Amino acid sequence: MRTGELARRAGCSVQQVRVLATAGVLPPVPRTGSGYRVFGQSHLRHLRAYQALALAIGPVAARGVMCADGMDAMVALLDAAHAGLDRERREVRLAREAAVAIRGEPVSGSEAMSIGELALALGVRPSTLRHWESEELVRPDRDRRGYRRYSPAAVRDARLVHQLRQAGYRIEAMRELLPRLLRSDATAVLNARERDIAQRSRDLFAATGLLVEAIGAG
């Protein structure tokens, strides 16, 4: 089949077929005497395996799997992908536990903590708290001398940031997640993320089957 037919049968663009063939995602493609590519069923199977992988782990990682140097390398990348999804599941669980625990604590009162006191309570360095402040994750007040003072609400936020960091969340992800965790829709947000992870796990499982089929068929 020609490039256009392969693209039509795979539900993608002609340009994507060309890019993937050049990148080595598809098996070597023979050409006619006039230079036209000629694709077969093997190319279609590999293309569908790539598409399924891209849904599960993203196009960059999917290319890495498809272009791996040998079966052992390919299996290792798939193992890493499964481990990554498992890690995301643990992150969601820990974030839910942190949100439930910390949101349920009172934040009233006038007692404030210094940066040193809060750092000691959390077991982190003061520089870590300053970094969280620069990233706008925790917002302390300032006294008349300019020293940081952490209100009960700021202490709660710092504790939540600390737990999320221990759970493996990066700064960029926390910046988006924190405001939601402190509102009533935290459970809905985390449930949605959990469903997304479950779907990608199913996609990865299906993609692995398509990949095995493509390799086995040659």
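A residue is called buried when its relative accessible area is under 20%, exposed when over 50%, and partly exposed in between, judged with a 1.4 Å probe and protein chains only. Glu 91 has 7% relative accessibility, so Glu 91 counts as buried. Keep that scale in mind for what follows.

This is a predicted model, in which local features need pLDDT of at least 70 and side-chain atom pairs count only at pLDDT 80 or more, while totals for chains, interfaces and linings use all residues. Residues are numbered from 1 along each chain as its sequence is written, and side-chain values use heavy atoms, with hydrogens and water left out.

Start at helix α1, which covers residues 3-10. Helices here are DSSP runs (H or I, at least four residues), numbered from the N terminus. Thr 3 lies in α1. Its relative accessibility is 11%, so Thr 3 is buried. What does Thr 3 touch, leaving out residues up to four places away in sequence? Its partners are Val 14, Val 17, Arg 18, Arg 37 and Phe 39. Touching, or contact, means heavy atoms within 4.5 Å.

Now look inside. In soluble globular proteins, nonpolar side chains tend to be buried together. A nonpolar core is a set of buried Ala, Val, Leu, Ile, Met, Phe, Trp, Tyr and Cys residues joined through side-chain atoms within 4.5 Å. The largest one here has 58 residues. Leu 47, Leu 53, Leu 129 and Trp 132 have the most contacts inside it. Take Leu 47. Leaving out residues up to four places away in sequence, Leu 47 touches Leu 6, Ala 10, Cys 12, Val 17, Leu 20 and Leu 26.

Helix α3 spans residues 41-57 and holds Arg 45. Arg 45 has a relative accessible area of 26%, so Arg 45 is partly exposed. Arg 45 and Ala 207 are 162 residues apart in sequence, but 11 Å apart in space, C-alpha to C-alpha.

Next come the charges. A salt bridge is a side-chain nitrogen of Lys or Arg within 4 Å of a carboxyl oxygen of Asp or Glu. By this rule there are nine. In one of them, Arg 200 meets Glu 88 at 2.7 Å, N to O. This pair links distant parts of the chain: Arg 200 sits in helix α10 (residues 186-217), Glu 88 in helix α5, 112 residues apart. Arg 200 is buried because its relative accessibility is 18%. Arg 193 and Glu 91 also pair, at 3.1 Å, N to O. Arg 193 is at 25%, so it counts as partly exposed. Which residues join in a network of salt bridges? They are Glu 88, Glu 91, Arg 193, Asp 196 and Arg 200.

Move on to helix α8, residues 152-166. It has 15 residues and reaches 21 Å from its first C-alpha to its last, close to the 21 Å expected at 1.5 Å a residue. The expected span is 1.5 Å times one less than the number of residues. Among the buried residues of α8 are Ala 154, Val 155, Leu 160 and His 162. Asp 157 is buried too, because its relative accessibility is 16%. The side chain of Asp 157 forms a salt bridge with Arg 156 (3.0 Å, N to O). After α8 comes Gly 168, with a positive phi near 105 degrees.

Note on methods. Helix = DSSP H or I, 4+ residues; strand = E, 2+ residues; numbered from the N terminus.
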